[in-house]
Amino acid sequence: MWKKRHPTENGSILARSSSSSSSVSVSGDSEEEDTGFLEVTVTDMRHPPPELGPMPEGLSPQQVVRRHILGSIVQSEGSYVDSLRRILQDYRNPLMEMEPKVLSARKCQVVFFRLKEILQCHSMFQIALFSRVAEWDATEKIGDLFVASFSKSMVLDVYSDYVNNFTSAMSLIKKACLTKPAFLEFLKKRQMSSPDRVTLYGLMVKPIQRFPQFILLLQDMLKNTPKGHPERLSLQLALTELETLAEKLNEQKRVADQVAEIQQLTKSISDRSSLNKLLNSGQRQLLLCETLTETVYGDRGQLIKSKERKVFLLNDMLVCANINFKPVTTRGQLEISSLVPLGPKYVVKWNTALPQVQVVEVGQESSTYDKDNIVIQNAGAKKHVPTSQSSHNKVYLGPPRLFQELQDLQKDLAVVEQITQLISTLHGTYQNLNMTVAQDWCLALQRMMRVKEEEIHSANKCRLRLLLPGKPDKSGRPISFMVVFITPNPLSKISWVNRLHLAKLGLRDENQPGWLCPDEDKKTKAPFWCPILACRMPAFSSKALDLQLGAVVHNPVQSSLLGFSAVSTSLPQGYLWVGGGQEGAGGQVEIFSLNRSVPRTVKSFPVASQVLCIEYIPEKSEEEQEKTEDSQATAEQASTLHPTICLGLQDGSIVVYGSVDTGTQCLLTCKSPGRQPVLCLKHSPDYLFAGLQNGIVAAFARNSGGLWDLEAKPTCLQVGTGPVRVLLTLDDTLWASCANQVTVLDAASLKAQDTFEAHPDKEASVTHMIKAGSGVWMAFSSGSSIRLFHTETLEHLQEINIATRTTFVLPGQKNVRVTSLLICQGLLWVGTDQGIIVLLPVPRLEGIPKITGKGMVSLNGHCGPVEFLAVAASTLAPDILKSDKEEEGGEAVCGEEEKPEARCPEPATHDSHPGREMRKKGILLQYRLRSTSHLPGQLLSVREAPAAAGASALEHTEEDGSIYEMADDPDVWVRSRPCARDTHRKEISSLAIVSGGRGYRSFNASSKGPACSETDSTLLIWQVPLTL
């Protein structure tokens, strides 16, 4: 059943240590297949568990905290190893030896797969941890131990196997509980006899949670380790290793679940059907699948019926299936065999090609389809539409007539306004016919319109309405039918609309494929989350001038006018400022609005000289205002200051503009010292820094109004004799590059702190610097390498040759130069002088952003150098995510009468939860588990014993079964009913990546169009799935 692994395959073998009477690894039985890992036996006498000694005197507060964190690591690891031993000794061994067997040896292998090897890994880690704990007060070293213990490929292998097998193991246990009373009785007795009453599921889920726990502990350790401490770099590297491991487990789990779901769907279809052939072709990717509730409404808006459906979004089709269970018996009880389906899990109801699927929002029907040429039927309603209805095309698509009622109110308001004008012309005075009454009518209608708009908005929040093609009628007119699904929450609705939109974009020729993935196993299929090329367009509306691109920046602006689905499909809200011009001549600025799926120009204006750089400066935060405000007058001025955009020009000008919403007026302008070209701009809370051609960094302070004081003489800092090509603000410092050196300046005192050599070749000037975590990636004016430096020690940590990636699309081209860099959502974007864009994976947390994979190469690029890469990002308003229940009164997540800590360990308020910070940064440190709770029949945890005094919220009480139901997140424990999901989500990030260069070029060898088209400056915009 399981593929054998040999120690030599991954290069890591666990060595055999001296054996004794007490062994960690429990000996297997003759039926258990050889896993290929050597047994490790550990003597408890020779290797006692690590234990911290008494605390020495004279420790600093931070040293005391770090000692406590180490104690938590030791305690949690000891508890974890004990739990692994308990699974093997209390459950696996007795089940294997039991006669008669209640669980066959083969099933035992499935349930307890890879647990022995996981125990081996952590037993070795405990041995090493013992020596580190003993030496802690002298060395305070722990980070390198995590790197050495968990960077081995063997650890990834065994954990990956365990995580991918977890759902199968839990389903098998659940079925055995329902079909074999002896097995259920065995689990009950084991649980009752254990001191903490933890269930088998409670024990077996711990490996799923182990690495997220390690990461939280190391984050705490890093937070309490001061800068300059020799252990910081080791801790950051350890965080990188653990995050990389967790990400790989996430990805492998996702792929395994995708394959399993497609296999289940394929089993449900006849071998001869075209859909079966499509699913078996290996070309289909599962982008999203979820259980949604299909609803059918009558002509008066009444709910006729509703039923749960499993909906599958594949990369080129949408499939809807019934969840297949056998009917109830004559006594009204479910068949035991139906609780875990033995045959096909689904029955396909319909499937349709993705380009023909349309999302229709309430109130947007008229713009979605051609009413004159399409007859719409409501799915599930009667097939034959009455003549009167088809002729007038009246169809009620619940919620009933909301938009029509809003239009009626708008018409009535217009009539009342006319009446009001007529009343104002009356010469006499009449009761109930005067201006006061007329104005009251207007106000009342406006209030009714607001209520109706809120009802439409609320109806859209969890209602997914899809218009699908049907067979034409007898006259040949196309028939479309509407399907209405209710999603579990607003987040799910947003996710469906967004993924449907991006999947359609992914079917365009330029995205088939859009990326080349030169992986070790020769796979070339891009993962489902890869950026989708959404559009390409000229960077400047004026084609008469040959304008060169200089810089780009995104000015985020939230629009409250956008509908619920518009924010799911549009580019990140706001404006894109693009600057450029002609060498030695005038400059040009083009402003695009991104509040839709395709950008449009909203303003274009000339400037005195070519634009070389642009810096977006947001409004000052409240904390920054508190630091800088000295008087009430200053506070008032600062509070009215809007975001600004600063341009640096070839002729030495610095021009400051207001945002588009304030009319883009020119607020300030000045010349740099010596009228030197302004090559780069960066800002801190107190200064605007300009990097100049002559090696000077000019620092402009803020004036009393909060703007930059460009009239006063700036502070000039000489960092070299060559041009200052790039500036980077890091915490309280400013990094400035000149030639092959980087100078670190104090951003407040403007004094130089350090200077280091970034490249051994003096001719290789630093051209780009980008920060992520605790590292800075740099690119240079010559050579094809990028180099990584530590932000604290300035140590060189990694060097990557980009040419090894670009040769996949341009073989033989080794002279490659990096022309742009960007880090976004765990991906390092690298633009080259050949127009090729390379994506490399990097960690997202506070660790070191080392490149850990081969990445991807874009098959869409430019005809010339990639002049810039920029990110456009905006956050969806939090009120969009609120469900109706939250808005009505903010009910407790798990019910008012239930104690949240007893029912679901995730509290209703999550701001203080240490794990939330990670999610805000974009990493999902968990493994997505398919739930078994959708299976019919009683849940396994129906009876709840009162919580023991002093028991932890995460401990498990006695129950009428042996496992908890699995929610989608392993850290949510579901008992008699699931806790509300995603209540902790405070925001959703919308992201797009913009590249600029000459023309557009396809690097796809099979592309039908010309390889290189257009030579005008062109923008390419990639959209990435919403970060949920």
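Student: Is the crossing of α6 and α11 left-handed or right-handed?
Tutor: The crossing of α6 and α11 is left-handed, a term for a near helix turned anticlockwise from the far one by less than a right angle, clockwise being right-handed. A note on the source: this is a predicted model, where local features need pLDDT of at least 70, side-chain atom pairs count only at pLDDT 80 or more, and totals for chains, interfaces and linings use all residues. Residues are numbered from 1 along each chain, and side-chain values use heavy atoms, without hydrogens and water.

Student: Why are α6 and α11 called roughly parallel?
Tutor: Helix α6 (residues 143-150) and helix α11 (residues 232-267) pack at about 30°, with axes 7 Å apart. Angles under 35 degrees count as roughly parallel, over 145 as roughly antiparallel, 65 to 115 as roughly perpendicular and the rest as oblique; α6 and α11 are therefore roughly parallel.

Student: What makes V360 count as buried?
Tutor: Its relative accessibility is 0%, and buried means under 20% relative accessible area (exposed over 50%, partly exposed in between, 1.4 Å probe, protein chains only). V360 therefore counts as buried. V360 lies in the loop between β5 (358-359) and α14 (365-368), and its C-alpha atom is 6.7 Å from that of L467, 107 residues apart along the chain.

Terms used:
Axes fitted to C-alpha atoms, helices over the stretch in contact; angles between N-to-C directions. Helix = DSSP H or I, 4+ residues; strand = E, 2+ residues; numbered from the N terminus.
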